[in-house]
Amino acid sequence: MANENPPLQEIAIVWFKRDLRFTDHEPLYYAQKQNLPILLIYCFEPIVMEYADSDVRHWRFVYQSLQDMQSKLEDLNAKIYVFHNHIPLVFQRLSEKYNIKKIYSHQEIGNKLTYDRDLVMQKFCSDQLIDWLEYQHNGVIRRLKSRKNWEQRWTQKMEEQPKIVNETQWNLMTLDDVFYQDLKGPELSIQITSNEPAFQPGGETNAWKYLQSFLTERYVNYFKHISKPQLSRKGCSRLSPYLAYGNISMRMVYQYTMQHYKTAKNKRALSNFVSRLHWHCHFMQKFEDECRMEFENVNRAYDSMVKTKNDDYITAWQSGTTGVPIVDACMRCLHTTGYINFRMRALVVSFVVFNLWQDWRDLKYILAKLFLDYEPGIHYPQLQMQSGVTGVNTIRIYNPIKNAQEHDEAGIFIKTWIPELKNVPTPLLFEPWKMTNIEQEMYQVFIGKDYPAPIVDIEISRKAASDIVWSFQKTKAVTVEGDRILQKHVNNPSRLRNS
């Protein structure tokens, strides 16, 4: 009689996605509560890396985050198994070698591609009789039926006891090296595995360093510097990429902030910071509840507002050559560092959707690729809000000249990123096209040659856009659809109309 094949080893898997940390990690915490050996995995998925919203800066940050995690496992002679392969294939091959009983992960508030991927994985788990246990991502609630009491539920989640893993009882398993090498996939590109000092470095260790320095020193200027393109680089927390890739949990940020609040010299600054933690999750909840806004106007009445794509305008805006200094400085800064503050993000969107009269969908991926802290759940709701297509928010068409004068008073930010204008005195810096020929000769910058003239008239284009979008805002179709949006996405609809 032939020998029967021995039963496959039973294991549990913790699948890391946008939650690259060990502290306050619910999937890992609960995985440790069961007796099966745990396999830790992360997968650089080619299809996700090739998607239109993806950039090497994102994957470099992920790689650095994983390296930081790996360093904490060295003493255990263990590691996270990192694959550069298609996740369904990875799990299929793992299921052929092991009896996967449970998969632990966080819910992902991602793009349509990762959502469809998770549907494939749900079917796989169902077919294989695998329990896939997904845990809530920060304050975002999946399959939320009503926004009633959402704020209270958010606060309750933030005040819960953090889920701290047991660092002495990991019970981690080791993969056969031949099997792993065969399944691992190709090496990552050198652009991903090399450091780029102009960008914030990834990793849980760095997340806590930024939080610590903010709450002990930098926070005092938070409210004063939040809108300044140069000063905000230190005055803001700069935690956004660490939250986007889960190097730190929102709950830990909230609780650590509240601990410091008790003795803070500037309580108003920290109160404003905590309110923005709340809004962070609010926008992600909107996207979770109505994810079609990745592709469609959330207010369908705006579908009839036609904008003709102008590739020359978009190229000039993207490359920082519009001839409007504050806009160009912001775009060049984004290319090099992946960061500008919130007001400047709103300003560059306002300029392209209103002054250049371009559709937000034609710039969504450009900005997604540029933002180091790209978070789909925030990106699309914010982009639509700033583009004036929600029908429930006040339309804000930012004046780039006024904003530059108010928030870059000395022109330091503009001159840092537009060296062509370095000799131009501040009174002429914000509208260099108004310089006389003699002034251009004197300051050695010739408009139209060394630095472009504005590609549109700012005031005329603003007025034309304002007339159109405000006329739409007043229509019955926009109002009716706006009421639907308010009922779905806010706790008190009447309070937030036109806020």
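Which residues touch the most other members of the largest nonpolar core? Hi everyone, let me start with that one. The core has 159 residues, and the ones that touch the most other members are Ile-80, Phe-91, Leu-175 and Trp-317. As for where the core residues come from, helix 17, residues 342–355, gives the most, with nine residues. Please keep in mind throughout that we are looking at a predicted model.

Let's stay with Trp-317 for a moment. Setting aside its neighbours within four places in sequence, Trp-317 is in contact with a list of residues that includes Val-348, Phe-351 and Val-352.

Now let's step back to the whole protein. You can count 26 helices and five strands in it. The C-alpha atoms fill a box of roughly 100 × 50 × 50 Å along the principal axes. How does the radius of gyration compare with that of a compact globule? For 499 residues, such a globule would have a value near 23 Å, and the protein has 25 Å, which agrees.

Ser-65 sits in helix 3, which covers residues 56–71. Is Ser-65 buried or exposed? It is buried, because its relative accessible area is 0%. Beyond its neighbours within four places in sequence, Ser-65 is in contact with Leu-20, Gly-202, Gly-203 and Asn-247.

Compare that with Asp-311, which is in helix 15, residues 311–319. Its relative accessibility is 49%, so Asp-311 counts as partly exposed; the exposed class needs over 50%.

Our loop example is Ile-141, between strand 5 (131–135) and helix 6 (150–159). Ile-141 counts as buried, because its relative accessibility is 12% and the buried class means under 20%. Leaving out neighbours within four places in sequence, Ile-141 is in contact with Gln-136, Trp-150, Arg-153, Gln-285, Glu-288 and Asp-289. Trp-154 is 13 residues from Ile-141 along the chain, and the two C-alpha atoms are separated by 9.0 Å.

Last topic: backbone angles. Most residues other than glycine have a negative phi. Here are two residues with a positive value. Asn-171 has a phi near 55 degrees. It lies in the loop between helix 6 and helix 7 (177–184), and it is partly exposed, with a relative accessible area of 40%. Then there is Arg-238, which is not a glycine either, yet has a positive phi of about 65 degrees. Where does Arg-238 lie? You will find it in the loop between helix 11 (232–235) and helix 12 (240–244). Arg-238 counts as buried, since its relative accessibility is 10%.

Methods: Residues numbered from 1 in each chain as written. Predicted model: local features only at pLDDT ≥ 70, side-chain atom pairs only at ≥ 80, totals over all residues. Heavy atoms only, no water. Core = buried A, V, L, I, M, F, W, Y, C linked by side-chain atoms within 4.5 Å. Buried < 20%, exposed > 50% of the residue type's maximum accessible area, 1.4 Å probe, protein only. Helix = DSSP H or I, 4+ residues; strand = E, 2+ residues; numbered from the N terminus. Contact = heavy atoms within 4.5 Å. Rg over C-alpha atoms; globule rule 2.2 N^0.38 Å.
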